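Colleague: I would like to learn how to read a structural model of a protein chain. Please take me through the features one at a time.

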Amino acid sequence: MRYWLRVICNAMRDTTTSLVLMYENNVVLVLNMCDGFQRQASVAKLRFINCNELFFTEASINAASGLVGFYCSAINAGKFSSKFKCNVYGPKGIGRLSSNMSFNDHVSMVWTFKEFDSSKTECIVGKSVNMVPILLQAKGKNDVVSYVIDPLEAAPKFKGKEAKQMGLTIPQIKELVAGNNVTLNETTVITSESMFNPPIKPTGALILFLPSTDYIPSLLSNKQLLYKYSNTALVYHIAAYEVLASAEYIDFVAKVAPKAVHVVDCKELTDDTAPRYYSQIELKLLHQCNSKIFPDFPLFPLHVKDESKRAILIDEYKKRGLGLTFSLLGHDYEFWPKFAVSQNSCLPGLHRPLLEEEKEIKSAIEAIGTDERLRSIRDLCASAASTRKFRNEPFVAVLGTASQNPLKHRCVSSIYVNVPGNMEGKVVRGTSKEYYGNSYGFMLDTGEGCYGQLVDHFSDMGIVDSVMENLKCIFISHHHSDHMLGLIKLIREADLVLLRRYGAAAAKEKLLYVILPDNMNRMMVDLLVMPTVVFPERVRIVLSESLSPDTSPYYVKPYKNPVPQKEFTKEQADKMVEDLYKKAEAKVKEMWEHLAKFLCIKKLHTYQTDHCTGSHGILIEGQDWKLAYTGDTFRCKTVENFTRDMDLLIHECTFSDDVKRLEEDIKHTTLAQCVEIFDKTTPWRMLLTHFSNKTKKIVNVRSEHLERKIFIGFDHLQFYLSDAEWIYQLQPLLEALITND
């Protein structure tokens, strides 16, 4: 029987530590679920068939933002059909946080919460392990929890008869029982392990979580670790560098686990690798096709941390006789019956040369060169110049195009739009730090992992931080998990950037508007009053319903229309928008003024969509451009009424045309319907996104789409609005290079 910890996420630029405990190739329990956990678990091919135990080190968004993603992964594993019971353990506040995070029509959980306190020592008895929580407290800070993982194995018995036959003395026997070796003469050494049946093995693993040095006194006062769990094979340190370098901390772990291997998972010391490897290696290929619309970034490694800090730490631990290693993403750390580290990652491409993948890229690029038609398409688009020009031209970065759950090649719905705003003319069009440092942006939906997608897309953390600093508005189309799970993570990261750059007082004054449906309002308010973001006071919530010019109840569950859908002329729709601006409440007008000041936005309003309760799309009008985003929707008249003559219409396209009425049952749109919607609304260009997960990589459109200059979205597709003039021409080339096989 074997026990090991598998690292699904570790402390890097966009993720925090998430571990799973494996027992005989089954997931026994999960420790923390950070943002992006669902995608990483999917790539690692984890199945949560026997896993109902969730443990958290802290009640924060860092630890629990992937909670609903876990549920979705469990659904995919085929375990849960409608409801399932899940046991959640952690410090005070984990119950409330978990309940808020699970607000979703897709999620129907039966929770059992256990919040640890200091009143008594507890032990969670599982099917194959005991989990012993070690509660750590610090004045003025929230409680955190470390854990002892104690495998359920038969206790070893001392071989008393053999000891007598060998002539061992009482003091020598005591030494052996204590775990020490005994020397009989100069050449004969009796090991403690050999005198027990079964042989003494380390008791298991110790997970030490200390986010700051404030928790060290609480750890040092814990006698249970010193006397009951001192024979440990593995210590996994999830701690700040200041903690790891503390002499008190090093001395303590040397007493607790002198024979253990110590694995460090620290953001300041862990190398940033390429966790979303499959989509990134594909992007390398697309970049070779057209460098304008597909960015390039290094795959292996993204960033190596300060080796001098590592060397100092290794030396300090070595002085105490401790071996130190650093966490590797996707690797296994076996701690029973012996310690071993897996040589290969469960996440391909992370810790090995990219020779095979580089060969595939080279082969695909060479294939373009030998095909005259494909070569001409590539060369035409590479030299294409746009004839249309826009003031305050928006830059669009498509971060996620999958529906329901993220895939190894695609993330779920999120789009970033950057606008020079009132800085137009002061910055050069481009992807430099200066451009993003002097322009402003908004997000259209925030599926789980959208912050990680931003990090991958821009690569340079200076640019990422500028994007976060200048984020002015976030729009959430509806409450389904694939459109909103990354929201709090995104706000928190933006807060941290502002805190570093400006300090707390100035950061609070930089407003961020969040537009969401009314049925998400209570959840959002609850999350903001919890310690999930840094500056909740800077977040302004505006309800989608208050921005809609037509609030008639057309689309109400169970998807029966109590009010027949109405078709308006363009003049009628424009008049309704004018009336909205006259009658809007003060909070809405303040938002309009704020966005006009920074992004030079002339108009912004929502419109109902036919998908679920509260679902809306959004229309944004700049100085001489108009952009509309639908979110999820079945073909409906409200979309057609309010999105006529857009410069860019971003429309969902979940299904191909071979589905049988499925699109109407679950309220999504097909490829053929997108053509009908285009003909009805006549946009300059139309971008399709939100594809079914049956489409692993690419949607194959038909001639009628290309005739209308409709183009499909890819993760990390980027373009200025004027570039949309020619992007559709790349479709045959993309279909030739990328298949769904």
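This is a predicted model: local features need pLDDT of at least 70, side-chain atom pairs count only at pLDDT 80 or more; totals for chains, interfaces and linings use all residues.

Colleague: What share of the residues is buried?

Modeller: Buried means under 20% relative accessible area, exposed over 50%, and partly exposed in between, with a 1.4 Å probe and protein chains only. Of the 741 residues in the chain, 60% are buried. Accessible areas come from the Shrake-Rupley method with a 1.4 Å probe; for residues, only the protein chains shown count as cover. The chain exposes about 29,300 Å², and carbon and sulfur atoms supply 51% of that area.

Colleague: What do the contacts say about sequence separation?

Modeller: Contact means heavy atoms within 4.5 Å. Among contacts in the chain with a separation of 6 or more, 71% are between residues 24 or more positions apart.

Colleague: In what order do the strands of the seven-stranded open sheet come?

Modeller: Strands of a sheet pair through backbone hydrogen bonds, either parallel or antiparallel. Two strands count as paired if DSSP finds at least two bridges between them. The order here is β25-β24-β23-β22-β21-β20-β32, and the pairing is mixed. At the edges are β25 (539–543) and β32 (718–720), each of which pairs on one side only. Axes are lines fitted to C-alpha atoms, for helices over the stretch in contact, and angles run from 0 to 180 degrees between N-to-C directions. With direction ignored, neighbouring strands of this sheet are turned by 20° against each other on average.

Colleague: What are the partners of β20?

Modeller: β20 (residues 395–400) pairs with β21 (residues 414–419) in the antiparallel sense over five bridges. There, Phe395 has Asn418 as its bridge partner, and Val398 stands opposite Ile415. β20 also runs antiparallel to β32, joined by three bridges, with Val396 opposite Phe719. Six of the six residues of β20 are buried, so the strand is largely enclosed by the rest of the structure.

Colleague: Which helix lies across β24 and β25?

Modeller: Helix α21 (residues 521–529) does, running at about 175° to β25.

Colleague: In which sense do β15 and β16 pair, parallel or antiparallel?

Modeller: Strand β15 (residues 234–239) and β16 are parallel, with five bridges. β16 (residues 261–265) has four of its five residues buried. On its other listed pairing, β16 runs parallel to β17 (residues 323–326) over four bridges. Val263 of β16 is the bridge partner of Tyr236, and Val263 also stands opposite Thr325 in β17.

Colleague: How do the axes of α16 and α17 cross?

Modeller: Angles under 35 degrees count as roughly parallel, over 145 as roughly antiparallel, 65 to 115 as roughly perpendicular and the rest as oblique. The axes of α16 (residues 450–458) and α17 (residues 461–469) come within 8 Å and cross at roughly 135°. These two helices are therefore oblique to each other. Tyr451, Leu454, Val455 and Phe458 of α16 make the contact with Met461, Ile463, Val464, Val467 and Met468 of α17.

Colleague: Which residues of α26 are buried?

Modeller: An α-helix has 3.6 residues a turn, so residues three or four places apart point the same way. In α26 (residues 671–681), the buried residues are Leu671, Gln673, Cys674, Val675, Ile677, Phe678 and Thr681. Just after α26, Thr682 takes a positive phi of about 50°.

Colleague: Where is Asp647 found, and is this residue buried or exposed?

Modeller: Asp647 is in the loop between α24 (637–642) and β29 (648–652). Asp647 counts as buried because its relative accessibility is 8%. Not counting residues up to four places away in sequence, Asp647 touches several residues, including Arg388, Asp624 and Arg685. Asp647 and Pro683 are 36 residues apart in sequence, with C-alpha atoms 5.7 Å apart.

Key
Residues are numbered from 1 along each chain as its sequence is written. Side-chain values use heavy atoms; hydrogens and water are left out.
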